[in-house]
Amino acid sequence: MTGISKQAEKYACICFIIQLPILIFTWALSGLWAPSALIKISVFPQIIALIFTAVAWWRSILVRKEHEEELEREQIAEKRSGEDLFGDHDESMRIAKQGRKDFDKWALPIVSILVGVIGLVAVYSFASKYSVLSSEDSGSLLAMAFKGRSAVSVIGLSICLLVPQLILAAFLNGLSRSPEHRWMRAPAHWIFVSGFMAGVGAILGVVEVKFLSETFSTEALYVLEIKVTVWCLILLGILFCEILLGQIFEYYRPRYRKTLDRPVYESRILGVIFDPGGIAHNVAHALDYQFGFKISETSFYRFLERGVFPFVLAVIVVLYLLDCVFMVRPGERGLRITMGKAGKTILNPGVKFKLPIPFQSSKIVNTEEIRSFTMGVSSKFAYASETAGPADEYADKNTVDKRVIVWTVKHVENERIYLVATHGTSRGELGDIPEVNMLSLHAEVQYQVDETNIHAFLYNYENPEELLYTIAEQQLVGFLANADLVSILGEKRGATETAIEDAIEEELLRLNSNPETATGLTIVNLSMVGVHPPLSVAESFQSVVSAREEKYTEIEQAKAYKQTIEKDSLAESYNILSAANNYKVQLTLEPESEAAQFRVHMKNYKLAPDLFRLIAYLEVLEKISEDEKIRKFAVAAKSGKRLTNVIYQERKLGYSDLDTEKK
Amino acid sequence: MSTETEKKKSKFVVALIAIVSLIFIASLFFYTVEENQYAVVIRLGEPQIESDTSPGIHAKLPYPIDDVWYHDRRAMVFAGNSGELEEVLTKDKINVIVSVYITWRVDPNQVVTFMNRVKTTENAQEKLTDLIRSTKNNVIGRHSFSEFINANQDIINLQEIQDEIYREIAADAQELFGIEVRSAGIQHFGLPENTSQKVFERMRAERKREADTIRASGRAESSRIKAEADTKRAEIISTARAEATTIRAQADKLANQSYQEFAKDPELASFLFELEALEKMLNKDTYLILDTTTPPMNLFSEEYLKKMTAPAEEGK
């Protein structure tokens, strides 16, 4: 009986010893080498399994001691057979039994509650962390979390964890069918859970290798993995809740003498799946039937004796060989490096093979990504971020407002100010002040790694991107040194953009033409985002524009005046001319006709001068007589003496302005 | 059966030990040089000048005899540890703030010199900082401000100045430290705060002047246009007047010809004109008093009545 009791201890101990390195191995590698969320959280069930194994181990020791005590007691009882004197005394002497009872009464609930509570807290914190990652706009966080990950190594690690855990769990599950190993069932359950997570991790890894870039983007895959992880965490949460609830159920459980006590923390949910007769058991049977792969007590023991060392070795070898496979993703190019020496061939996207470390290694560069930096503001390179040049007096007073961009309001942090040549200012006029203008200019330079020249990118410069930035700034300073401020701001803005891009590109091409100095970078585009005079003079520049507007207004007004005046004077000239023409017409036509008439009159006159004269005279009188307005007085006397009287009478009638006119 | 497993086990252990010791021995006798590295074998403290520095695997003697020194072979961009932005005086005593950068690497032909005199990147940067600063001061002090920034292509000399800086740094760096300087350039050229303020003021004044000039030119242009308009007006009207005068003269001339007709009988003409004038003169306020001496009223005169037996008639 003693032997069997010791066997329980032994299995618990072995199980513990196997689990511990697996746990450490998982913990260490899931972070460093193959960042996989699932493998990372499979540490949880492993820790629980380890704790439960330890509890089982401890309890089996107590049970053994209890048995030994019982035996001892029986032997003593045999010796003293017939003497019932100390019969009542015996119960208090059973120290081991009491110890076991105390353990069941106190240690188990405490361990269960601690595991439940701490587990829930841990699951909650992880779940909230991963939930943030799975939201759609956390691409950069995701990329960071999975940076440098290789799907192949994730698969390798998952399988290395899956296989031993499944074997161990199956073995413990089978073992727990005998009453004395009953307590190993709980650890078996949790090892199964851990194995399950590793399995899911492996499946996701396979999906990544198989379907990447065809069906999913890298990011979509990561989001999928995070979502699966969150579901696994929820499952763990349910199991931890069950452990806590188990404490309550324990009080209401009917107790019969013959039923075998289960540990309070044993999961009934997992029991449904993994217990003998459960789903997993049937799967194990199916495997057994198909492959004759019997996982039993004895076979496992033999396996342990012969197989553990080779197995561990095999795992190491597999992991080592996994280093032979690496992936070049779409948009990337790679190099194979043999004993430090970089290979000549550039590797295109796909799964590639190499010798394991230390013989060969690989370097991968993203050649599709459009990289960029902005000139004219503090840069991403630390050395240039100091405020280069004079601080702008307006800069501190205004906060940055990016919605409305006007020259007079600060819209970019840490603007650099460039010196620009001046035109037409003589030295004498300036005195001490240098002959320069100042200008703020921001341009975004976009560039790529040349996919045909990643050697140069990797090995010619410590930081080729920093070099490009420096060259760009140098060329900009050089360009502006003899440019004209006003034309940059005005009509030559577009030409300036092209000229700066050309200057940088030319310098880059000069470097790239020599394999020793090549940078492996190519400029994609340069766009001048903003160009304006420094804030404190911007207003003056705007006043020039308004002056120009004023000028045009004034000119327009003058033009309007001109047009009116021209039209008016033309009209006047027409009037003058028409008067003259009228005069001419009068003078030419009338005298002519008069002359013609005169010729006729003269003819008549010559025939009878007195008669003609009389006729003409009488004609006039007749004509006058027809006019009623002319007052006519006929005086039938020789002298005009009575005339005065007549006029007097007329005056009385009201004709005050009467003229004495008489013919 | 147990002896067989024992044998197997011992074989395995031997193999394992063999592998481990092989790796250890290999690490003693070989060294690898990465693509981005230089390596120099130091045999008993004596650098082996002819040692192979190309990337790949190379043989050496075990540690206490041979040691290997490595350094990055890639070029680095460097602008100085301190005084990256430094106020410097030009030849014509204008303070400017200049930042000079260089790209440098260990000279492939002088790796040993570099190793002996500099050894690390940090040391190199320290030494290069001094070199950059002194060269910058020297070279910039030799040139006047207008050579740095100028609209005139003939005066500006920026490229030449950068070349000068490069030449001086490169020569010293190579000779003294075994460093190959590949390029040098001015990546920032600015003015100190107070000078900048003056420049701003000048720019403002210049802009104001520009604005004033523009306004004045606007006024001038406007006046010109107006004056032009006035001139045009005068011209148009004068032309019209002149033309009118010509027309009138022509008319008068033509009229003259007609008047010559009248001269043929001045007596009749004057009678006719008198008659015409008389007709015009008589208007509504005229009282016309006709006595019997004036025809046709003479018909009422006594002499005429005497002459005629028939009664006379009076016309209105």
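**Aromatic pairs, sheets and surface in chains A and B**

Phe52(A) and Trp190(A) are both buried; buried stands for under 20% relative accessible area, exposed for over 50%, and partly exposed for what lies in between, with a 1.4 Å probe and protein chains only. The model is predicted, so to speak of local features takes a pLDDT of at least 70, side-chain atom pairs count only at pLDDT 80 or more, and totals for chains, interfaces and linings use all residues. Residues are numbered from 1 along each chain as its sequence is written, chains are lettered from A and ligands numbered from 1 in the order in which they are written, and side-chain values use heavy atoms, with hydrogens and water left out.

A pair of aromatic rings is described by the distance of the centres and the angle of the planes. Here, rings of Phe, Tyr and Trp (its six-membered ring) pair if their centres lie within 6.5 Å; planes under 30 degrees apart are called stacked, over 60 edge-to-face, and the rest tilted. Over all chains this rule gives 13 aromatic pairs. One of them is the edge-to-face pair of Phe52(A) and Trp190(A), with 6.5 Å centre to centre and 75 degrees between the planes. Phe52(A) belongs to helix H3 (residues 43-79) of chain A and Trp190(A) to helix H8 (residues 185-211) of chain A, so the pair ties together parts that are 138 residues apart in sequence. Helices (H or I, at least four residues) and strands (E, at least two) are DSSP runs, numbered from the N terminus. Ring pairs also link Phe52(A) and Trp190(A) with Phe240(A) in a cluster.

Tyr605(A) and Phe612(A) form another edge-to-face pair, with 5.9 Å between centres and 75 degrees between the planes. Tyr605(A) counts as buried because its relative accessibility is 6%. Phe612(A) counts as buried as well, at 11% relative accessibility.

Arg100(A) lies in helix H5 (residues 95-134) of chain A. Its relative accessible area is 16%, and therefore Arg100(A) is buried. Which residues is Arg100(A) in contact with, leaving aside its neighbours within four places in sequence? They are Arg59(A), Leu62(A), Val63(A) and Glu66(A), where contact means heavy atoms within 4.5 Å.

The next element is a sheet in chain A. Three strands form an open sheet in the order S3-S2-S5 (chain A), with antiparallel pairing. S3 and strand S5 (360-366) of chain A stand at the edges with a single partner strand each, so one side of each has no neighbour in the sheet. Two strands pair if DSSP finds at least two bridges between them; S2(A) and S5(A) are joined in the antiparallel sense over 7 bridges. Within this pairing, Gly334(A) has Ile364(A) in S5(A) as its bridge partner.

Met339(A) is in the loop between strand S2 (332-338) and strand S3 (341-342) of chain A. Its phi is near 45 degrees, a positive value in a residue other than glycine. Met339(A) counts as buried because its relative accessibility is 18%.

Chain B has 7 helices and 10 strands. Of its 316 residues, 43% count as buried. Among contacts in chain B with a separation of 6 or more, 66% come from residues 24 or more positions apart. Chain B exposes about 17300 Å², and carbon and sulfur atoms supply 55% of that area; accessible areas come from the Shrake-Rupley method with a 1.4 Å probe, and for residues only the protein chains shown count as cover.

In chain B, 3 strands form an open antiparallel sheet in the order S3-S2-S5. Strand S3 (46-47) and strand S5 (66-72) of chain B are its edge strands, each pairing on one side only. Strand S2 (residues 37-43) of chain B runs antiparallel to S3(B), and 2 bridges join them. Arg43(B) stands opposite Glu46(B) in S3(B).

Phe24(B), Ile25(B), Phe29(B), Phe30(B), Leu44(B), Ile57(B), Leu61(B) and Ile65(B) form a nonpolar surface patch with about 740 Å² of accessible area together. Helix H1 (residues 2-29) of chain B gives the largest share of the nonpolar patch, 3 residues. Patches are made of residues with over 30% relative accessible area and no salt bridge, with like charges joined within 9 Å and nonpolar side chains (Val, Leu, Ile, Met, Phe, Trp, Tyr) within 5 Å; a salt bridge is a side-chain nitrogen of Lys or Arg within 4 Å of a carboxyl oxygen of Asp or Glu. Ile25(B) lies in helix H1 of chain B and is partly exposed, with a relative accessible area of 43%.
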